[in-house]
Amino acid sequence: MNRTWIALSWLSIAAAVVAAALWFQHDGGQARAATERFGPKEAQVTIEDGNIKAVHLTSSRFMWQFRADQAPVEVWGYNNQIPGPTLRFKAGDKVRIYYKNELAEASSVHWHGLVVPNSMDGVAPLTQPPVMPGETFVYEFTIPNTPGTFMYHAHMNDMEQVAMGLSGAFIVDPRDGGTGRYTQDRIVLLNNIQGHYLINGKEFPNVDPWLVKTGDLIRVRMINISPIEVHPMHFHGHFTKEIARDGTSLPDGASGARVENTVLVAPGQTVDVEVRMNAPGRGAWIFHCHVLSHVMGPDPKSLNIAVANGGMIIPVVYTDSVNIADLQKLLGDAIASIQPKAGVVPAAGAAASAHAH
Ligand SMILES: [Cu+2]
């Protein structure tokens, strides 16, 4: 692994922070950056037959880079991206999903958590014929009136097909669109592909940082499609409130929404939380999985987060921090701290961390 590259990645984060800060000044403090959305791209939707929303999904094998310092590896996915494109519809929408299989083996697609007609549930060969290589199967159903966070994934040879990357987020918005109370709406798709612990298909420090400002109320949609791993997602400096599980809203109150700062997400589960950006002093925080082997790189003695690469960490940066210059300095110091010192031979552990895992 290339330490220079890690330094550069921190620099790019710092640059994003500074750019956002400058932009805010330029914009007179308006919250336009709050609408900036990172994460997987949404599927392109076209209208057919007057009122049917159509999208195209194609499964294939392709090369994907989890982190910029690693060589690309073969993954299996939809539309040449990891995760697959986000499917986003409204309750009551009639949808038509053209699924083309360009894998070398049969497959099918399951709409995980959505209650659709049995023949559309995507469990080949039980509910439909397997979609053979080169074939297209058309899924068509009405989006149920269950606004929330779901997922889709392959449902044949799952331990290979899903584990190699055939999955994506499926978001159902309310019919009236009413999600306006949130200033940001973020998808956090958790996955493990071939030992790489991923947030939205990337490993830290290639995970996109969240740029927030004081007062933002963020909806976080966590989706775990890892083959076997649970992910307790821990938010530094903030409490989160659970607002939904598996696309089902939780009522406020003692028996309903829980306020916590570590939320366990099991394989196949989705958990939505809301978090108010009200950290004292603002600054830069992290939101990360607390299974340590999912965030630490191969060097167990790393004390510096910048070399603890290997996974599931999201930097959360207040762009309205009064100490943006200090933040820059902190990031600069982090970069400096991982530079090889002249004349010092790296320890074995440090040498080990110099290899991608
Ligand atoms: Cu984890």
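This is a predicted model: local features need pLDDT of at least 70, side-chain atom pairs count only at pLDDT 80 or more; totals for chains, interfaces and linings use all residues.

User: Thanks. How many bridges join strand 20 to strand 21?
Analyst: There are 5 bridges, and the two strands run antiparallel. Two strands count as paired if DSSP finds at least two bridges between them. Strand 21 covers residues 313-318.

User: And what about strand 14 and strand 20, how many bridges join them?
Analyst: Strand 14 (residues 231-235) is joined to strand 20 (residues 284-289) by 3 bridges, running antiparallel. Within that pairing, methionine 233 has cysteine 289 as its bridge partner, and phenylalanine 235 stands opposite phenylalanine 287.

User: What sheet do these strands belong to, and in which order?
Analyst: They sit in an open sheet of 5 strands, in the order 12-21-20-14-18, with mixed pairing. Strand 12 (210-212) and strand 18 (262-265) are the edge strands, each pairing on one side only. Neighbouring strands are turned by 20° against each other on average, direction ignored; the axes behind such angles are lines fitted to C-alpha atoms, for helices over the stretch in contact, and angles run from 0 to 180 degrees between N-to-C directions.

User: Which strands make up the open sheet of 4 strands?
Analyst: The order there is 4-9-8-6, again with mixed pairing. Strand 4 (84-90) and strand 6 (109-112) are at the edges with a single partner strand each, so one side of each has no neighbour in the sheet. The twist from one strand to the next averages 20°. Strand 6 pairs with strand 8 (residues 148-154) in the antiparallel sense over 4 bridges, and histidine 112 has methionine 151 as its bridge partner in strand 8.

User: Zooming out, how many helices and strands are in the protein?
Analyst: The protein has 4 helices and 21 strands. Of its 357 residues, 42% count as buried. Buried means that 20 or more other C-beta atoms lie within 10 Å of a residue's own; 12 or fewer is exposed, in between is partly exposed, and C-beta atoms are placed from the backbone.

User: Which residues touch the most other members in the largest nonpolar core?
Analyst: Among its 75 residues, those are Phe170, Leu190, Val212, Met222, Ile223 and Met312. Domain 1 (3-37 + 178-337) and domain 2 (46-173) both give residues to this core, so it lies between them. The domain bounds come from an automatic or database domain assignment. A nonpolar core is a set of buried Ala, Val, Leu, Ile, Met, Phe, Trp, Tyr and Cys residues joined through C-beta atoms within 7 Å.

User: What is phenylalanine 170 in contact with?
Analyst: Leaving aside neighbours within four places in sequence, phenylalanine 170 is in contact with Leu87, Trp111, Leu114, Phe150, Met151 and Tyr152. Contact means C-beta atoms, placed from the backbone, within 7 Å.

User: Is leucine 189 buried or exposed?
Analyst: Leucine 189, found in strand 10, counts as buried because it has 25 C-beta neighbours inside 10 Å. Leucine 189 and isoleucine 223 are 34 residues apart in sequence, yet their C-alpha atoms are 4.7 Å apart.

User: Last one: what is phi of glutamine 194?
Analyst: Phi is near 50°, a positive value in a residue other than glycine. Glutamine 194 sits in the loop between strand 10 (184-193) and strand 11 (196-199), and is exposed, with 11 other C-beta atoms within 10 Å.

Key. Residues are numbered from 1 along each chain as its sequence is written. Two residues are in contact if their C-beta atoms, placed from the backbone, lie within 7 Å.
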